[in-house]
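I opened a new structure today and kept notes as I went. The entries are in the order in which I looked things up.

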Amino acid sequence: MVTMEPITVGEHTLIGVEVKLPKTTLLSISTSRGYIMCGALDVGLLNEKLSDRHIIAARAVGVRTLSQLLAAPLESVTIEAERLGIVPGMTGADALLLMV
């Protein structure tokens, strides 16, 4: 099952997506410029194989809900996200505010 819901971060309304799969759930919250995602995101792939796309993204691990994704410290970020000031350790919500 796939669900989408509005997520409020600061004064911005973003898009939260939850994809329920067997034995796991994929989570992402996106802005028009980038996104944060659960541990399924392969930041290395984005930085190495898809570097020409300049993807702004970050990953948090160990999260099971969209609320946890917002609050969790980021484990890794893409090179393009770093250029915006997004760094590992900052919360998902803080990273999203730099992506709007």
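**Entry 1: ground rules.** I am working with a predicted model, in which local features need pLDDT of at least 70 and side-chain atom pairs count only at pLDDT 80 or more, while totals for chains, interfaces and linings use all residues. Residues are numbered from 1 along each chain as its sequence is written, and side-chain values use heavy atoms, with hydrogens and water left out.

Entry 2: I found 6 strands in an open sheet, in the order 1-2-3-4-5-6, with mixed pairing. Strand 1 (2-9) and strand 6 (76-77) are the edge strands, and each pairs on one side only. Two strands pair if DSSP finds at least two bridges between them. Strands of a sheet pair through backbone hydrogen bonds, either parallel or antiparallel.

I then checked one pair. Strand 4 and strand 5 (residues 56-59) run parallel and are joined by 4 bridges. Tyrosine 35 stands opposite alanine 57 in strand 5.

Next I looked at helix 4 (residues 92-99), which lies across strand 1, strand 2 (12-21), strand 3, strand 4 and strand 5. Helix 4 runs at about 170° to strand 4; axes are lines fitted to C-alpha atoms, for helices over the stretch in contact, and angles run from 0 to 180 degrees between N-to-C directions.

**Entry 3: threonine 31.** I placed threonine 31 in the loop between strand 3 (24-30) and strand 4 (34-37). Is threonine 31 buried or exposed? It counts as buried because its relative accessibility is 13%; buried means under 20% relative accessible area, exposed over 50%, and partly exposed in between (1.4 Å probe, protein chains only).

I listed what threonine 31 touches, with contact meaning heavy atoms within 4.5 Å. Not counting residues up to four places away in sequence, the list is Leu14, Leu96, Met99 and Val100. The side chain also reaches two backbone atoms: the nitrogen of arginine 33 at 3.0 Å and the oxygen of methionine 99 at 3.3 Å.

**Entry 4: methionine 4.** I found methionine 4 in strand 1. Methionine 4 counts as exposed because its relative accessibility is 61%. Leaving aside neighbours within four places in sequence, methionine 4 is in contact with Ile15, Gly16 and Val17.

**Entry 5: salt bridges.** How many salt bridges does a search of the whole structure find? It finds 3, a salt bridge being a side-chain nitrogen of Lys or Arg within 4 Å of a carboxyl oxygen of Asp or Glu.

- Lysine 20 meets glutamate 18 (3.7 Å, N to O). Lysine 20 is partly exposed at 45%, and glutamate 18 is buried at 18%.
- Arginine 59 meets glutamate 75 (2.8 Å, N to O). Arginine 59 is in strand 5 and glutamate 75 in the loop between helix 2 (66-71) and strand 6, so the pair ties together parts 16 residues apart in sequence.
- Arginine 83 pairs with glutamate 80, with the closest N and O atoms 2.4 Å apart. Both lie in helix 3 (residues 79-83), 3 residues apart, about one turn of the helix. Arginine 83 is exposed at 60%, whereas glutamate 80 is buried at 17%.

Definitions and conventions
Helices (H or I, at least four residues) and strands (E, at least two) are DSSP runs, numbered from the N terminus. A polar contact is a pair of N or O atoms within 3.5 Å; within protein, one must be able to donate a hydrogen and the other to accept it, and residues adjacent in sequence count only if both atoms are side-chain atoms.
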